[in-house]
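Work through the exercises below with the sequence and the structure at hand, and try each task before reading its solution.

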Amino acid sequence: MHLLLVGVSHRTAPVELRERLDFQARGVELALQTLAARGSTREAVVLSTCNRAEVYAACDELGHARADLVSFVSDFHAVDRALVAPHVYDLSGLDAARHLFRVAAGLDSLVIGEPQILGQVKDAHTAASDVQTAGPVLNRLFHASFAVGKRVRTETGLGSGTVSVGYAAVALARKIFGDLKGRTVLVVGAGEMGKLTAAHMKSQGVQHVTIVSRTMAHAARTAEAIGGATAAPWEDMDGALGASDIVITATGAAAPILTKARIEAVMRPRRNRPLFIIDIAVPRDVEPAAGEIEQVFLYNIDDLQTTVRVNLARRTSEVARAEAIVGEELEKFGAWFRSRGAIPTVVALRHRFETIRRSELERLDFKLSALPPDARARVDEITRLLVEKLLLTPTEQLKSLGDAETVGAYAEALTRLFGLVHQQADEDTEDAPEREPTSARPSAGSGRPELVERRVEPFSRSKNRGPR
Amino acid sequence: MNFVPLALYAVALVAYAWHFARRHAAAGRSATTCLVAAVLAHAFVIGMQTMEVGQVPVAGATSAISTFVWLLALAYLFTEMTTDERAMGVFILPLLVALQAIPALTPSAEIRSAVLQGPLFGVHVLSLLFAYASFGLACVIGITYVLLFKEIKAKHLGFFYARLPSLQILDRMNQRAIVIGWAFLTIGMIVGGVWAAQARGYAAGDPRVQAMSLQDPKIFVALVCWAVYSFELFAARRIGWGGRRAAYLSAVGFAIVLLNFVPISYFLTKSHNF
């Protein structure tokens with residue numbers, strides 16, 4: 001089984017194309033079902049965000065599946081294949097796994113270390129599980145990628161610090177006030193910037209938003225637009241200042257509205273309650289000297305942008321550690337993935353031994369028929385255990401083989417020595433515990449001759465049943 | 001015997017520092033595990049000394065320090081578990097290690113003087129030790145508050161910004177520790193006064209009992225301490241002296257506590273040198 005990734009991302013495709021290739025427009029589930037129906041892949045997961053559209057697949061035949069996936073992407077979105085092809089990248093095997101791990105870690109994001117991507121990767125996997133197109137290989141791969149994302153988040157500073165001005169303001173407010181619930185925000189100025197920031201604060205749990213503007217009507221309109229905000233007249237600003245914890249100033253005034261003296265007067269009755277002032281107006285609305293007042297934290301737009309830049313630089317410096325984690329997890333996944341290369345051989349070997357055992361028992365059936373039923377059952381049990389014991393070490397050895405080349409050599413030798421017949425359709429039975437109810441190709445179940453053959457009397461024992 | 005907890009505290013310090021610098025979740029867990037182990041070992045040592053002398057070893061200055069370290073470690077662990085905040089450990093552990101070095105390097109449990117008897121004596125010592133532990137915690141919280149405050153004020157969001165809880169939480173934790181410490185300090189001092197009055201009855205000839213007055217440096221400095229913390233509580237409630245000023249006051253207060261606890265106990269006091 002091969003691992004394959006075909007996709008476009010912000011690194012390879014312009015936004016116009018990414019928009020047209022967005023799987024979410026028509027639904028990821030539909031895409032997965034459409035792809036499964038094409039039959040070129042055995043498992044599939046579609047990861048679709050505004051910055052990338054990627055199809056992860058497990059398939060038997062790499063070349064064919066690769067070409068078919070590109071066709072699928074262009075067919076599904078009704079975009080000319082010639083238009084898509086130059087922007088598509090494809091990776092296979094552990095390179096595809098590494099790519100997914102880097103995506104989940106936020107290393108491949110437009111804004112490095114961006115936190116939402118891990119959730120999107122999880123959603124992509126859930127969607128595929130729902131329509132049952134994720135099988136043992138992709139389940140394992142995606143769970144490994146969740147582990148990478150989680151480790152990178154907790155063990156490195158890659159996701160630390162906010163990299164957007166709005167979030168930087170909220171993060172600062174949290175560092176000063178702890179919980180934002182029950183806090184009051186005052187917005188001075190009814191412009192677009194103030195409105196956006198206030199709405200952002202409200203979405204982060206702030207309960208009361210008051211808006212003052214020189215024109216009361218403007219303030220009222222903006223308050224209504226935000227929803228749940230109240231407007232106050234310009235003359236009441238000092239009172240509103242005294243009652244609020246966070247002040248956002250965004251007026252078009254040419255001279256500072258809030259002078260140091262004015263804020264000092266407001267602060268006195270507040271005693272020790274901190275006041276966080278975010279001055280996003282240019283030219284500034286708040287006298288810079290006001291930041292000297294004890295318990296006044298004054299940040300203007302440049303300060304916020306500086307913290308954002310510092311955060312970005314810090315994130316970049318953490319990339320090496322995140323890459324190291326990706327490498328470690330890739331090693332683990334690689335060991336598992338390589339061990340799967342031996343599975344067809346293991347299955348064939350077991351099948352061969354089981355066939356010999358059954359045919360021998362059948363051949364001796366006339367001699368055994370004189371025995372009482374429980375003695376016959378014991379004979380069956382003993383032979384079965386014998387085969388199990390004989391195959392135990394070879395199975396373990398095969399599964400722990402290092403690289404594909406060695407696996408190939410061993411498979412070749414075993415095939416010749418025992419005259420094995422490989423059966424692709426049975427591959428998944430080795431991974432029974434993690435197998436999804438159905439594979440990407442529901443029709444695969446009919447291709448299992450073993451189940452039919454097993455009905456040979458009197459030795460009709462399932463090979464999976466444990467010893468009594 | 002006090003070496004074992006000292007070594008464990010030192011290991012915990014290294015683990016907390018590692019956790020603080022690199023923010024490894026595993027380092028944080030092992031730091032807490034080390035500290036719990038240190039506290040258990042320390043409890044065992046104190047228990048053994050209790051068996052040896054027949055009562056809790058708090059009478060002499062050295063064993064009182066050991067018990068204080070144990071209480072402070074317990075108080076810190078309680079805060080860590082209730083707030084799920086490990087950042088403070090790296091500040092509190094150096095204090096634990098430094099103080100625990102004293103009992104580890106001096107001979108173990110002194111024999112309790114015959115003068116020191118009655119239930120009131122135990123209440124006096126234990127409530128004061130607990131008060132000091134709270135003040136120690138408040139001091140450390142205050143220091144971290146100032147570090148974070150300075151970073152935010154200077155618009156230089158860096159090391160502490162990424163690691164410490166919010167100013168609001170630090171301020172509240174500091175206030176709570178001060179209130180608890182102040183309450184126990186008050187109780188301990190009143191009980192001490194009552195006990196001294198009783199002792200004058202049955203051991204009037206003892207020079208130490210005679211020295212128990214405001215002129216004794218230990219008693220005087222303890223009163224200064226009480227005044228500092230009372231002022232801090234009053235200032236926070238009446239004139240809005242919270243935040244940074246409260247943090248500075250808790251640091252000053254605890255410096256006085258330490259002064260009283262170590263050098264004055266060993267070299268200056270005439271009333272408390274048991």
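**Exercise 1. Two helices of chain B**

Within what distance do the axes of helix α4 (residues 89-105) of chain B and helix α5 (residues 119-153) of chain B come, and at roughly what angle do they cross?

Solution. Bear in mind from the start that this is a predicted model. As a first step, take the axes of the two helices, α4(B) and α5(B), which come within 9 Å and cross at roughly 135°. The next step is to name this arrangement: an angle over 145 degrees would count as roughly antiparallel and one from 65 to 115 as roughly perpendicular, and α4(B) and α5(B) are therefore oblique to each other. As for the handedness, the crossing in which α4(B) passes α5(B) is right-handed. On the side of α4(B), the residues that make the contact are F91(B), I92(B) and L95(B), while α5(B) brings G136(B), L137(B), V140(B), I143(B) and T144(B). Sorted by class, this contact of α4(B) with α5(B) has six nonpolar residues, two polar ones and no charged ones.

**Exercise 2. Chain B as a whole**

Determine how many helices and strands chain B holds, and what share of its residues is buried.

Solution. Counting the elements of chain B gives ten helices and zero strands. Turning to burial, 46% of the 274 residues in chain B are buried. For the contacts in chain B between residues at least 6 apart in sequence, 81% join residues that are at least 24 apart.

**Exercise 3. The nonpolar cores**

Find which residues touch the most other members of the largest nonpolar core.

Solution. The largest nonpolar core has 126 residues, and those that touch the most other members are I248(A), A12(B) and L96(B). The largest share of this core, 18 residues, is supplied by α5(B). Another core, of 58 residues, lies apart from the largest one, and its members include V84(A), A104(A), L158(A) and I325(A).

**Exercise 4. Where the chains meet**

Work out how many residues each chain gives to the contact between chain A and chain B.

Solution. Chain A gives 18 residues and chain B gives 17 residues. On the side of chain A that touches chain B, at least two residues each come from α7 (136-155), α8 (165-177), β10 (296-300) and α13 (301-317) of chain A, and α8(A) gives the most, with four residues. By class, that side of chain A has six nonpolar, six polar and six charged residues.

How values were computed
Residues numbered from 1 in each chain as written. Chains lettered and ligands numbered in written order. Predicted model: local features only at pLDDT ≥ 70, side-chain atom pairs only at ≥ 80, totals over all residues. Contact = placed C-beta atoms within 7 Å. Nonpolar A, V, L, I, M, F, W, Y, C, P; charged D, E, K, R; others polar. Axes fitted to C-alpha atoms, helices over the stretch in contact; angles between N-to-C directions. Parallel < 35°, antiparallel > 145°, perpendicular 65-115°, else oblique. Left-handed = near helix turned anticlockwise from the far one by under 90°. Buried ≥ 20, exposed ≤ 12 C-beta atoms within 10 Å, placed from the backbone. Core = buried A, V, L, I, M, F, W, Y, C linked by C-beta atoms within 7 Å.
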